[in-house]
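This briefing goes through one protein structure in short notes. Keep the sequence and the 3D view open while reading.

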Amino acid sequence: MADKLPGLMEALRSRRALGLWQKTAAKGGNMSSDQLADLAPVARQVARHAQGLAEAADRRLLGPRLGQDGIARPPQCDWAWRATPWATAMHPTAIAGAEGGTQLGEGIRLFHDCPLSEITLRQSRTTDPQAKAPFVLTLDALGFQGSFLSLAMDLPPEGGGTLQRSHIVILSTHLRMERQAEIFARLNIRQGPNVEQLVSELLPGERPDSPVSAEFDLGFHDIKPAKLENAWIDLIFEKPAMNMVRIEDVTVTRRPRADI
């Protein structure tokens, strides 16, 4: 693989290959249905793999120091992850009038039931030299007449797909709000047709600049690894109307629980 890598990189950076895709995209509106049907699956595969490579590069290269993710790991931590909007660049970087189900990145969606289109999301590069995450996500809700607003974050298979009763899952976030409001975290674990749900309020740290966190002790729940399909975390905002939340980081870590 090492011998083939220089040639692969040269091919991926080829102006000819980029030019062909640019010309094909420009002609898309004039192509026949048969041509579009043939090319669309290939275009989606290329876009998906290219986005995956770009996200991997962002996670590796945009940390506080080259090659470091800056995630605070608890003792004996066996898995750590930073959610996509705080680790990789969003496209587009701003979403106005965000509807329920709006995707913010791979496996990250905004959900709400508000009939008004007065919710804005904006990603920006951090300007704090002490920040651990390279990006900040700002959520601004003006008029809000719905009953819920949440960010749903799919956990990667290597973390969410290997949960056991011997684990404690910790969600940690740095955030600032225009006005104080309750925020809850809910860990959802799908096991066949059933979904186990664990809810915890985000509790502030000892200092104003400390992260707020929620812990989920799986030892008290019926986790069946053989039936486990996937897991995700909902970050739920209570009464978000007329409030702006600047979320500076969201990380999830996992450690073994103490034997009793």
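Arginine 190 is found in strand β9, which covers residues 183-191; strands (E, at least two residues) and helices (H or I, at least four) are DSSP runs, numbered from the N terminus. The model is a predicted one, in which local features need pLDDT of at least 70 and side-chain atom pairs count only at pLDDT 80 or more, while totals for chains, interfaces and linings use all residues. Residues are numbered from 1 along each chain as its sequence is written, and side-chain values use heavy atoms, with hydrogens and water left out.

**Arginine 190**
- Arginine 190 counts as partly exposed because its relative accessibility is 28%; buried means under 20% relative accessible area, exposed over 50%, and partly exposed in between (1.4 Å probe, protein chains only).
- Leaving aside neighbours within four places in sequence, arginine 190 is in contact with Val195, Lys227, Leu228, Glu229, Asn230 and Trp232, where contact means heavy atoms within 4.5 Å.
- From C-alpha to C-alpha, arginine 190 and glycine 161 are 9.4 Å apart in space, and they are 29 residues apart in sequence.

**Aspartate 234**
- Aspartate 234 lies in strand β12, residues 228-237.
- Aspartate 234 is buried because its relative accessible area is 5%.
- The side chain of aspartate 234 makes a polar contact of 2.8 Å with the side chain of arginine 186, and another polar contact, of 3.0 Å, with the side chain of asparagine 188.
- A polar contact is a pair of N or O atoms within 3.5 Å; within protein, one must be able to donate a hydrogen and the other to accept it, and residues adjacent in sequence count only if both atoms are side-chain atoms.
- Beyond its neighbours within four places in sequence, aspartate 234 is in contact with residues including Leu151, Ala152 and Phe184.

**The nonpolar core**
- The largest nonpolar core has 46 residues, and those with the most contacts inside it are Trp86, Leu151, Met153, Leu187, Ile189, Leu218 and Phe237.
- Strand β12 gives the most to this core, with five residues.
- A nonpolar core is a set of buried Ala, Val, Leu, Ile, Met, Phe, Trp, Tyr and Cys residues joined through side-chain atoms within 4.5 Å.
- In soluble globular proteins, nonpolar side chains tend to be buried together.

**Strand β8**
- Strand β8 (residues 167-177) is mostly covered, since eight of its eleven residues are buried.
- β8 pairs with strand β13 (residues 243-256) in the antiparallel sense over eleven bridges, and serine 172 stands opposite threonine 251 in β13.
- β8 also runs antiparallel to strand β11 (residues 212-217), joined by six bridges, and the bridge partner of threonine 173 in β11 is valine 212.
- Two strands pair if DSSP finds at least two bridges between them.

**Cysteines**
- The structure holds zero disulfides; a disulfide is a pair of cysteine sulfur atoms within 2.5 Å.
- Cysteine 77 counts as partly exposed because its relative accessibility is 22%.
- Cysteine 114 is buried, with a relative accessible area of 9%.

**The whole protein**
- The secondary structure comes to four helices and 13 strands.
- Of the 260 residues, 35% count as buried.
- Among contacts with a separation of 6 or more, residues 24 or more positions apart account for 72%.
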